[in-house]
Every structure is written in structure tokens, then in C-alpha cells.
Amino acid sequence: MTDLTPEPERPADSAVRLDQGHVHGSGGIPERFQDPGLPPHVHRAADLDEKAAKRAERSVAGLFALSMLGTVLFLVAYFMVDVDTQTFVPLIGTMSLSNLLLGLGMALSLLGIGLGAVQWAKTLMPDHESVEERHPLRSADVDREGFVQTMTDGAETSQLTRRPIIKATMGGALGLFSLPLLVQLAGSLGPLPRNDLSVTFWNGEKQADGSWVAKKRRLHLDPEDRPIKASDVTIGSVFHVLPEGLQSELHGAAKLNEITKSTVLLMRLNPDDFQDTDKGRKARDWGYQGIVAYSKVCTHVGCPVGLYEQTTHHLLCPCHQSTFDVTNDCEVIFGPAGRPLPQLKINVDSEGYLIAEQPFQEPVGPSFWERES
Ligand code: FES
């Protein structure tokens, strides 16, 4: 049994002793530190020499100007550099020129503002050292008025009013810096999906006038880009497939766009594993001998559904844990997704290769307000 002996109370007037800057209560427990005071103040060059102050002013302005250049570079890269243009960067390799310039522009923009502010504070802002005693969270009215007065004085003593070039360049840097954020918000949301998610490469062949002519495309393994036979898909296995021709016929952004929409997960279940419901029977009938194909694009906000649990036949989206039941036509059994994954109806051709019998019968990916139209 534990013996709980209460600690003896320390007398309110316990003696304290000073020892190497520490103040000790009874029992040698440190209670507080003796205030060591401030070291001797060292004046900065800019405080004593107007030429040094001018040099500091120029360096601050230069850094803010560097930030402005960075922002301009970002905007030029965003609007004028083709996203498909590649460039070689030593130690990194081949990469998108647009991404490189966007990154450099944003880095210079932020770095210029940050370094300019630090340099300004270290060289030109007030260098007074002050001590403020702790006080209740809400300051007394007189202190609050004092704060306002201090800020007003601070604006004066930080030389903001006396040094218009800093005021102008800092205003320009901060003002321009907001532009990329607005551009990102307004420009990078992209167009409304309209019909784009209803039509994928599984629809067949796209004509010059934008219409599609039906064509039964084989299912090609990704990334090998070769057809797959039904006999290659064993029970419990799962494959990542794309429509035949997508990887060889398309290039650049169009290829990436179609890969994103047309990507499909191929699984084989025992035909008896499908539920005896309308949905379960439809899922089995749209497959081939237990092999079923479903869009890999999550119907929540479009993440790739990547995890297949063999034992439960559940597909899991790693983004927000939406879970789809493959045995019941990928019904949502958990998570925020609002509808099942669209199924691709498949069959085999005369050589035993898996083909898409028809394109998706509903839009792939996230739901959106104009989906029904
Ligand atoms: S994107 Fe799949 S659950 Fe959110």
C-alpha cells in the first residue's frame, strides 16, 4: 500500500537567499531569476552615419524591388509560357519550364519581401530597448491610448514617412504580391466541367468536329500499355487499366486530361461473391466471369481510389475514406462520396482480350451542379 504523506506547507514568510543570480525559497526550490539587466547598448552604423543609413535604405528598396521582379516573373510564366515546354535543369533533370519559372517567381517574390522587412528592421527601425512589466490581459485605458500613440510615433520614427522610396517599394511589393493569389483563385479553378466528365476516351474516336464515333477499345495495362486477357486476371487481383490507344494517340495536356478521366480499376471476384440485389446482379452482368471494371476517380472530389481490400471486396479512397462495395455495384458504404463509382461494361473479343462493350453510362468523378444536364 502506498504511503501518501502530505508535503509540509511552506511558511508564507519563508526566507529567501540569493545564489548566483537565482532566488531560492526554502528547500532550495528556484522561485524566480534575478533580473540580469540589459547588456550595454551598441549603436548601429545607420544610427550614427547618414551615409550608412542611405546604404541601408537602398538595400531595403533593392530587396523589395527584387520581390516585384519575382512577382512579374510569376505572372509572365503563368500567362505566357506553354505548360508543355520542357527544359533541362542540372542536378534535377528535365522539367516543365512553366513550373520552374512559377516556382522561381514565387520564391523571389516572397524572399524579397521577407529579407527587405528583416533588413529594414535591423538597420533602420527604432533601436530602443525597453522593458515592459507583465500586466492583466486587458490593458488599462490609459495603456491602450498609449499604444495607439506608440504606433503613431512608431510610424514616424521608423522613418516610413521620411523615406518615401521604402514606402513606395514596400507598398508595390505587398500590393503586387496579392496578384498571384487572386490569379490563382480566379484563373486556376478552371472551366466548369459541362460535358467533359460525361465523355472519356472509352467513348471511341473523336472527330474533327468534336463528336465521337463509337469504338470498342481494348483494356490496356497502365503503364505497360499492352492489352490484357481475361485469363490474366486471377481472382483477388486488381489492375490499373486505360483505353487502348490513349497512351500512343494523345500527347501533352490532352493525354494527361484523358488519363485522369479514363483510368479504371479492374478486379476479379468469384461470381458468387456479388450480392443478390439488383445492383449486385447488374455489376456481375456488366462484367465478364467475375471480372469487373470501375472508374478509379472518386465521386467525392476526384481523388484516385487506390486501395482494394480483397477479403471484403471494398474499394477505399485514401483522401476522405469513402468506401465502395464492389459486390454491390460500388455502392458507397462509408464516407462523404455521394454516389457509386461508375462501372464500365466489359467483354472479351475474339482473341480473348478484354474490351469495353460501351463507354461509361454516367459522368465520372465528383458530382457537380450541372451533372444531370
Ligand atoms: S475524394 Fe474520395 S473520399 Fe474524398
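A cavity is here a set of grid points where a 1.4 Å probe fits but cannot get out, and its lining residues have an atom within 4 Å of a point. In this predicted model, the structure holds one cavity of 30 Å³ or more, and the volume of the largest cavity is about 30 Å³. Its lining is made up of Cys298, His300, Val301, Gly302, Cys303, Cys317, Cys319, His320, Gln321 and Ser322, a set that divides into five nonpolar, five polar and no charged residues.

Two of these lining residues, Cys303 and Cys319, are joined by a disulfide with an S to S distance of 2.0 Å. Cys303 lies in the loop between strand 11 (291-295) and strand 12, while Cys319 lies in the loop between strand 13 and strand 14 (323-325), so the pair ties together parts that are 16 residues apart in sequence. The torsion about the S-S bond is about -85 degrees, so the disulfide is left-handed.

| Residue | Relative accessible area | Class |
|---|---|---|
| Cys298 | 1% | buried |
| Cys303 | 17% | buried |
| Cys319 | 35% | partly exposed |
| Cys330 | 0% | buried |

Strand 12 pairs with strand 13 (residues 314-316) over three bridges in the antiparallel sense, and Leu307 stands opposite Leu316 in strand 13.

Methods:
Residues are numbered from 1 along each chain as its sequence is written. This is a predicted model: local features need pLDDT of at least 70, side-chain atom pairs count only at pLDDT 80 or more; totals for chains, interfaces and linings use all residues. Side-chain values use heavy atoms; hydrogens and water are left out. On a 1 Å grid over the protein atoms alone, a cavity is a set of points where a 1.4 Å probe fits but cannot get out, and a pocket is an open set with protein on both sides within 12 Å along at least five of seven lines; lining residues have an atom within 4 Å of a point. Grid points are joined across faces, edges and corners, and a volume is the space filled by probe spheres set on the points. Ala, Val, Leu, Ile, Met, Phe, Trp, Tyr, Cys and Pro count as nonpolar, Asp, Glu, Lys and Arg as charged, and the others, Gly among them, as polar. Two strands pair if DSSP finds at least two bridges between them. Helices (H or I, at least four residues) and strands (E, at least two) are DSSP runs, numbered from the N terminus. A disulfide is a pair of cysteine sulfur atoms within 2.5 Å. Buried means under 20% relative accessible area, exposed over 50%, partly exposed in between (1.4 Å probe, protein chains only).
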